[in-house]
Amino acid sequence: MSERFLPTEDPVLESVLRWTVERDAQDVRRLLEWLPEARSSRERKALLDRVRSLLAELESALDGLETLN
């Protein structure tokens, strides 16, 4: 990622979006690690549903960061 010369207009929002990206990526990684250990197809589906939800949130946060830059 390139470095900015001027600070963003909303540093709090940028901080929140960066935190969201970092946290969601960690959570997705953890859920995918648990996936092979799921005991039932219902558990696997629940894990995948949560991964999809986090990926959508992650994409939204990345889009938000892009608009700030």
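Reader: To start with contacts between residues at least 6 apart in sequence, what share of them join residues at least 24 apart?
Author: In this protein, 57% of the contacts between residues at least 6 apart in sequence join residues at least 24 apart. Please keep in mind, as we go on, that this is a predicted model.

Reader: Okay, and how many helices and strands are there?
Author: The secondary structure comes to 2 helices and 0 strands. Helix α1 covers residues 11-34, and α2 covers 41-68.

Reader: How do α1 and α2 pack, I mean at what angle and how far apart are their axes?
Author: The two helices pack at an angle of about 155°, and their axes are 9 Å apart. Because angles over 145 degrees count as roughly antiparallel, α1 is roughly antiparallel to α2.

Reader: Is the crossing left-handed or right-handed?
Author: The crossing of α1 and α2 is left-handed.

Reader: And what kinds of residues make up the contact of α1 with α2?
Author: The residues of that contact divide into 17 nonpolar, 2 polar and 6 charged. As general background, nonpolar side chains in soluble globular proteins tend to be buried together.

Reader: So which residues make up the largest nonpolar core here?
Author: That core has 6 residues in all, namely V28, L31, A38, L47, V51 and L54. The elements that give two or more residues to this core are α1 and α2, and α2 gives the most, with 3 residues.

Reader: Could we zoom in on L31, then: which residues is it in contact with, leaving aside its neighbours within four places in sequence?
Author: With those neighbours left aside, L31 is in contact with L47, R50, V51 and L54.

Reader: What does the second, separate core include?
Author: The second core is separate and has 5 residues, among them L17, V21, L58 and A61.

Reader: Changing topic, where is T20 found, and is it buried or exposed?
Author: T20 is found in helix α1. Its relative accessible area is 13%, and because buried means under 20%, T20 counts as buried.

Reader: Which residues does T20 contact, again leaving aside neighbours within four places in sequence?
Author: Apart from those neighbours, T20 is in contact with E57 and A61. The C-alpha atoms of T20 and A61 are separated by 6.7 Å, although these two residues are 41 residues apart along the chain.

Reader: What about L55, where is that one found?
Author: L55 is found in helix α2, and with a relative accessible area of 40% L55 is partly exposed.

Reader: Last one: where is the place of D10?
Author: D10 has its place in the segment before α1, and at 32% relative accessibility D10 counts as partly exposed. From C-alpha to C-alpha, D10 and L68 are 7.9 Å apart in space, while in sequence they are 58 residues apart.

Reader: And for the whole protein, what percentage of the residues count as buried?
Author: Of the 69 residues of the protein, 25% count as buried.

Methods
Residues are numbered from 1 along each chain as its sequence is written. This is a predicted model: local features need pLDDT of at least 70, side-chain atom pairs count only at pLDDT 80 or more; totals for chains, interfaces and linings use all residues. Side-chain values use heavy atoms; hydrogens and water are left out. Helices (H or I, at least four residues) and strands (E, at least two) are DSSP runs, numbered from the N terminus. Buried means under 20% relative accessible area, exposed over 50%, partly exposed in between (1.4 Å probe, protein chains only). Contact means heavy atoms within 4.5 Å. A nonpolar core is a set of buried Ala, Val, Leu, Ile, Met, Phe, Trp, Tyr and Cys residues joined through side-chain atoms within 4.5 Å. Axes are lines fitted to C-alpha atoms, for helices over the stretch in contact, and angles run from 0 to 180 degrees between N-to-C directions. Angles under 35 degrees count as roughly parallel, over 145 as roughly antiparallel, 65 to 115 as roughly perpendicular and the rest as oblique. A crossing is left-handed if the near helix is turned anticlockwise from the far one by less than a right angle, and right-handed if clockwise. Ala, Val, Leu, Ile, Met, Phe, Trp, Tyr, Cys and Pro count as nonpolar, Asp, Glu, Lys and Arg as charged, and the others, Gly among them, as polar.
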